[in-house]
Amino acid sequence: MAEAGKKYDLLIKNVRVVRPDANAVEDADIAIIGGRFSRVHPALSPGEAKAVYDGKGRLAFPGAVDAHMHTGIYAPLAEDAVSESRAAAQGGVTTSLNYFRTGQYYLNRGGPYAAFFPEVLKLSQGRFHVDYGYHLAPMDRAQISEIADLIETHGVSSFKIFMFYGSHGLHGRSDSQRDFLMIGDDERYDYAHFEFVMRGVQAARERFPEKAAQISLSLHCETAEIMTAHSRIVENEGRLSGLAAYHAARPPHSEGLAVFIASYLAAETALPNINLLHLSSKKALQAALQMAALFPHIDFRREVTIGHLMLDTSARAGVLAKVNPPIRPREDVEYLWEKLAEGAIDWVASDHACCRHETKAAKNAFGNIWLAKSGFGGTEYLLPALVSEGSRRGLSYNRIAALTSANPARRFGANAKGDIAEGLDADLALVDPRETWTVRAADSQSTQGYTPFEGLELSARVKATFLRGELVCENGKVLGPPRGRYLHRPTG
């Protein structure tokens with residue numbers, strides 16, 4: 001609480017406030033009490049505050065909500081939580097929502113979430129520098145039966161299906177998926193399983209009607225059979241290499257077809273809240289828009305990643321930019337930007353999966369796209385890259401605030417996040433929209449050690465990040481111990 005005689009704990013002076021639902025930025029000061037926004041108004045008196053921070057005329061964005069991260073996938077969760085949340089804070093991200101599952105990678109074991117998820121929470125506690133939550137993937141029948149308890153007991157309100165996992169590997173073709181998924185011999189991870197996951201999520205929505213609007217299912221949409229066949233063709237022909245080969249091996253029509261299947265199953269199971277993740281290609285996004293028109297009763301949300309917006313198959317990063325779905329040719333990238341400008345995309349995320357250099361690529365086969373692992377980090381570049389490139393392409397700052405904060409916060413039940421408004425958590429990213437800088441992995445707090453964005457010149461930079469009214473990062477330096485809290489969603 002503010003000290004005696006002082007109305008506010010903190011007053012941030014001289015900023016240009018960017019609200020997601022406004023039509024312009026507003027010159028104002030921001031007052032904070034007890035970790036929450038108290039007042040946003042011009043010319044608030046410094047004498048009324050215990051502490052004053054000079055915003056120097058910078059843009060004040062609501063703290064970014066990175067709705068798609070994979071903390072703990074390639075490194076122990078207890079380590080990854082610390083380092084990768086530091087990278088998040090560097091980039092103005094104040095809420096990290098992480099996809100997690102049983103099976104290989106992550107904690108490398110199967111079994112019920114009743115035993116698994118409390119360990120995830122224990123390993124996470126006291127290690128995140130930003131607030132955090134988890135999306136979970138039901139991998140077998142028993143886990144489907146746990147959905148309602150995960151919502152009620154642990155505040156997990158969002159779930160996921162990886163559509164290609166049943167018969168295609170995380171990094172390429174695979175004939176040993178049951179071992180990878182760590183499911184029983186009597187289980188199948190296939191379209192029927194996806195249907196039953198959807199029925200399980202919808203049953204939970206009906207059980208908790210007061211939470212139903214913020215209980216949703218996310219899907220990674222790629223079709224295993226098509227990818228396996230095309231991977232074999234591309235590998236055997238040997239005409240293509242690098243990112244172009246991986247794009248051809250996981251072709252856009254595989255992504256589009258999976259969107260069709262997922263959408264039809266959602267309609268069949270009467271599950272209205274569907275999130276189509278990291279749409280990477282023109283065909284995939286066209287399919288998503290067609291399905292929205294065909295099934296108007298389903299509330300589809302469409303996501304793209306900053307990687308698919310900033311990189312294409314000609315990127316110098318080569319295998320370091322291997323990710324699922326793949327980085328696409330420039331034609332696809334331009335289509336994503338076009339639809340982003342038209343309002344057809346709901347949020348932009350990072351799909352941050354820190355994959356250290358020694359893990360990413362085989363030492364004796366560097367450059368071999370088939371042997372490299374999938375995924376890379378980038379949460380620290382989400383907001384500055386979107387402000388840089390998006391504003392150049394006509395996106396307003398207010399729209400960028402919606403794409404990086406308000407829209408994912410509202411969808412995923414982080415109801416104290418997403419805006420700069422009285423009563424909400426005082427999460428802020430102060431951005432200088434005129435500072436030109438060059439991305440260097442060496443400057444990142446991530447332990448990845450490289451970035452596919454290396455050498456990219458950006459024209460906006462996050463100068464300070466506040467988490468619930470506490471300065472957690474300034475000028476690229478993370479300050480103090482981890483302060484992040486677990487979000488039991490939907491939050492109050």
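Predicted model: local features only at pLDDT ≥ 70, side-chain atom pairs only at ≥ 80, totals over all residues.

Biologist: Why are α9 and α10 called roughly parallel to each other?

Modeller: Helix α9 (residues 252–268) and helix α10 (residues 282–294) pack at an angle of about 20 degrees, their axes being 7 Å apart. Angles under 35 degrees count as roughly parallel, and α9 and α10 are therefore given that description. The crossing in which α9 passes α10 is right-handed. On the side of α9, the contact is made by P252, H253, E255, G256, V259, F260 and S263, and on the side of α10 by K283, A284, A287, A288, Q290 and M291. By class, seven of these residues are nonpolar, four polar and two charged.

Biologist: What makes α4 and α6 oblique to each other?

Modeller: The axes of helix α4 (residues 147–154) and helix α6 (residues 191–207) cross at roughly 45 degrees and come within 8 Å. Roughly parallel requires an angle under 35 degrees, and roughly perpendicular one of 65 to 115. The two helices are therefore oblique to each other. Their crossing is right-handed. I147, A148, I151 and E152 of α4 make the contact with V197, G200, V201, A204 and R207 of α6. This contact divides into six nonpolar, one polar and two charged residues.

Biologist: I turn to the aromatic rings. How many aromatic pairs are there?

Modeller: With ring centres within 6.5 Å as the criterion, the count comes to 24 aromatic pairs.

Biologist: Why is the pair of F117 and Y134 called edge-to-face?

Modeller: The ring centres of F117 and Y134 are 5.8 Å apart and the planes stand at 90 degrees. Planes over 60 degrees apart count as edge-to-face, so the pair receives that name. F117 belongs to helix α2 (residues 113–124) and Y134 to strand β8 (residues 131–136), and the pair links these distant parts of the chain, 17 residues apart. F117 counts as buried at 0% relative accessibility, and Y134 counts as buried at 1%.

Biologist: What makes the pair of W347 and F412 edge-to-face?

Modeller: The planes of W347 and F412 are 65 degrees apart, with 5.2 Å from centre to centre; the cut-off for edge-to-face is over 60 degrees. W347 lies in strand β13 (residues 347–349) and F412 in the loop between α15 (397–411) and β14 (428–432), so the pair ties together parts that are 65 residues apart in sequence. Both W347 and F412 are buried.

Biologist: Which residues form one aromatic cluster?

Modeller: The cluster is formed by Y74, Y105, F162, F164, Y165, F180, Y189, Y191 and F194.

Biologist: Why is helix α8 described as largely enclosed by the rest of the structure?

Modeller: Six of the eight residues of α8 (residues 242–249) are buried, so the description applies. The buried residues are G242, L243, A245, Y246, H247 and A249. They pack against α7 (224–237), α9 and α12 (330–342).

Biologist: How do you know whether S254 is buried or exposed?

Modeller: Buried means under 20% relative accessible area; S254 has 0% and is therefore buried. S254 is found in helix α9. Leaving aside residues up to four places away in sequence, S254 touches E222, T223, I226 and M227.

Biologist: And how do you know whether D186 is buried or exposed?

Modeller: Exposed means over 50%, and D186, with a relative accessible area of 55%, is therefore exposed. D186 is placed in the loop between α5 (177–181) and α6.

Biologist: Which residue is joined to P325 by a cis peptide bond?

Modeller: That residue is N324, and omega is about -10 degrees. A cis peptide bond also joins R489 and P490, with omega about -5 degrees.

Conventions: Residues numbered from 1 in each chain as written. Heavy atoms only, no water. Axes fitted to C-alpha atoms, helices over the stretch in contact; angles between N-to-C directions. Helix = DSSP H or I, 4+ residues; strand = E, 2+ residues; numbered from the N terminus. Parallel < 35°, antiparallel > 145°, perpendicular 65-115°, else oblique. Left-handed = near helix turned anticlockwise from the far one by under 90°. Contact = heavy atoms within 4.5 Å. Nonpolar A, V, L, I, M, F, W, Y, C, P; charged D, E, K, R; others polar. Phe/Tyr/Trp six-rings, centres within 6.5 Å; stacked < 30°, edge-to-face > 60°. Buried < 20%, exposed > 50% of the residue type's maximum accessible area, 1.4 Å probe, protein only.
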